[in-house]
Structure formats: C-alpha cells, structure tokens
Amino acid sequence: MKSCFVRFCRLVCLPLSIPLYVLELVGLFGLYKRIFPMLAYNITFSYNDKMHEVKRELFRNVAKFSNSEGGLRLLEVGCGSGANFQFYPYGCTVTCTDPNAHFERYLRLSMDANKHLTYDKFLVLSGEDMQEVEDECVDVVVCTLVLCSVKNVPKVLQEVRRILRTGGAFYFLEHVVSDSSMWTYFFQYVFEPIWYYLGDGCMVTRTTWKDLEAAGFAELHLKHIEALGVSLVIRPHIVGYSIK
C-alpha cells in the first residue's frame, strides 16, 4: 500500500517536470549549464561549512598514498568549483576534470584561495571517458557529489581503476537513496524528476555503494552517514575510500 502511495505521489508531481523536459528537448536547457556553476559555487560554502568535519576526516590520510618519489598526484573527477581543495595536503599536484567547461571561472577562484597546492591542468571531459588521462598515472582519485549525476557509474569506476596506480586510493563522498521505510525515501522518489533538472542531472535514488562493492577494488572502506543540516532529499550519504 505504501509503495502504491509513493508511486501515486510521484505521478502527481511528474507534470511539474514536463516544462523542464521540453526545454531540454529543444536545446534551451543548455543555458542552465552556464548558470549552474555559479549556483554550485555559492552552495559549496554552505555545504562545506556543514560537512567540514566529515571532509577533514575523509581526507586526513590522503598523504599516505604519496608515490615512491614522495610526491602526491591527485585527480579529481567532476571537480566543479574546487570545493575540496582546502582539504588536500600541502604540495599535492592536482589535475581537475569536469564535463562542464563553465566551471573553470569559479575553479580559478578556488585555486587562488588555495596556494598550498600545485595545479596541473583542467580537462573538460566526462567521468565515463577519460582517455586523455594515461593508465596508472595518479596516486589518488577524488569524486564527491558526482556519481549521482553521471550516466554510467560502473563505467566511471572502471576509468578510476584504470588511471590509478596499483596501491593508489579512490576517495568518495556521495549522497544516496534512503531506506524505503523512511520518509526521506518518499521525498526522494517523489521529487527526483524535478531534482534531476534543477541539479543538472542529479539522481537522488541511486544505490552507489553497490557499484563500489562490485567495482573490483582490493579494499573498500565505506560507511553510511546522515549529513545533518543539508536538504532532506540528499541527507543520506556514503563516505570512504577504496584501494586498488
């Protein structure tokens, strides 16, 4: 009965997303991709404030994956406006990738604010196809709030494993679907069609931890948390790292 009620509510709300679907169909929604980086940049400050301790703890041991020469080569998939830069260790060399070229302006602002890092380059490419990046060329790959909006999560993880050196680590922080018995799940399922467009392709009902478990990493350190203070729809998170 509850399942039928949830589906009914989703159907009721679905027409609200039709104008957004039409805009995408005729190509006008591409204009939103120019505006979205500005919105994401400003939202980042609030999110980082609420998740500061979670991120600090997540990236606390990144430096231990430095290579044999003592350097640390880090690539961030879906870097956005550089929300994670402040948490990376001193001297780390960072390569940034994102499919939205309009993020570069805000990325530069974050680079200027985080002079403790060395920046390699900004590549405009999707996480599913990073052929411009060589095999086993980085020590660490980072992906935060990105796997919710990629087209193919297993393909992204396959690419991550390809570019990571053996013994390197993949760090992640992602929002995921709630347990179906919770009210959070109701709101996620009902409002996902609208959230998809407003969040630039963001899906809030993904079971990303299952993809990580099936990705073939040698080790997986993962835990589920509730991100207090953020929107109810994206409150359930997974956080951790995998070792190749």
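**Entry 1: counting salt bridges**

I began with the salt bridges in this predicted model, and my count came to 10. A pair makes my list when a side-chain nitrogen of Lys or Arg lies within 4 Å of a carboxyl oxygen of Asp or Glu.

**Entry 2: E57 and R60**

I looked up E57 and found a salt bridge to R60, with the closest N and O atoms 3.2 Å apart. Are these two residues buried or exposed? E57 has a relative accessible area of 39%, so I noted E57 as partly exposed. R60 reaches 57%, so R60 goes down as exposed.

**Entry 3: D139 and its partners**

Next I turned to D139. Its side chain meets that of R73 in a salt bridge, at 2.9 Å from N to O. I checked where the two sit: D139 belongs to strand β4 (residues 138-144) and R73 to strand β1 (residues 73-77), so this pair links distant parts of the chain, 66 residues apart.

What about the accessibility of R165? I found a relative accessible area of 18%, which makes R165 buried because the cut-off is under 20%.

Which residues does the network of salt bridges link here? I wrote down R73, D139 and R165.

**Entry 4: stepping back to the whole chain**

Time for the overall picture. I counted 8 helices and 7 strands in the protein chain. How does the radius of gyration fit a compact globule? For 244 residues, a compact globule would have a value near 18 Å, and the chain has 18 Å, so the two agree. Along the principal axes, the C-alpha trace spans about 60 × 35 × 35 Å.

I also asked what share of the 244 residues counts as buried. My note says 50%. Then I looked at contacts between residues at least 6 apart in sequence, and 75% of them join residues at least 24 apart.

**Entry 5: surface and charge**

The protein chain exposes about 12,300 Å², and carbon and sulfur atoms supply 58% of that area. For the charges, I have 25 positive and 26 negative ones, and their mean positions are 4 Å apart.

**Entry 6: two serines in loops**

I looked up S178 and found it in the loop between β5 and α7 (183-198). Is S178 buried or exposed? The relative accessible area is 11%, so S178 is buried. Leaving out residues up to four places away in sequence, S178 touches T184, Y185, Q188 and P236.

The other serine I looked up is S126, in the loop between β3 (118-123) and β4. S126 has 28% relative accessibility, so I marked S126 as partly exposed. I then picked V150, 24 residues from S126 along the chain, and found their C-alpha atoms separated by 8.0 Å.

**Entry 7: what I would like to remember**

Note on methods:
Residues numbered from 1 in each chain as written. Predicted model: local features only at pLDDT ≥ 70, side-chain atom pairs only at ≥ 80, totals over all residues. Heavy atoms only, no water. Buried < 20%, exposed > 50% of the residue type's maximum accessible area, 1.4 Å probe, protein only. Helix = DSSP H or I, 4+ residues; strand = E, 2+ residues; numbered from the N terminus. Rg over C-alpha atoms; globule rule 2.2 N^0.38 Å. Contact = heavy atoms within 4.5 Å. Areas by Shrake-Rupley, 256 points an atom, 1.4 Å probe, with all protein chains shown as cover. Lys, Arg positive; Asp, Glu negative; His and termini not counted. Charge placed at Lys NZ, Arg CZ, Asp CG, Glu CD.
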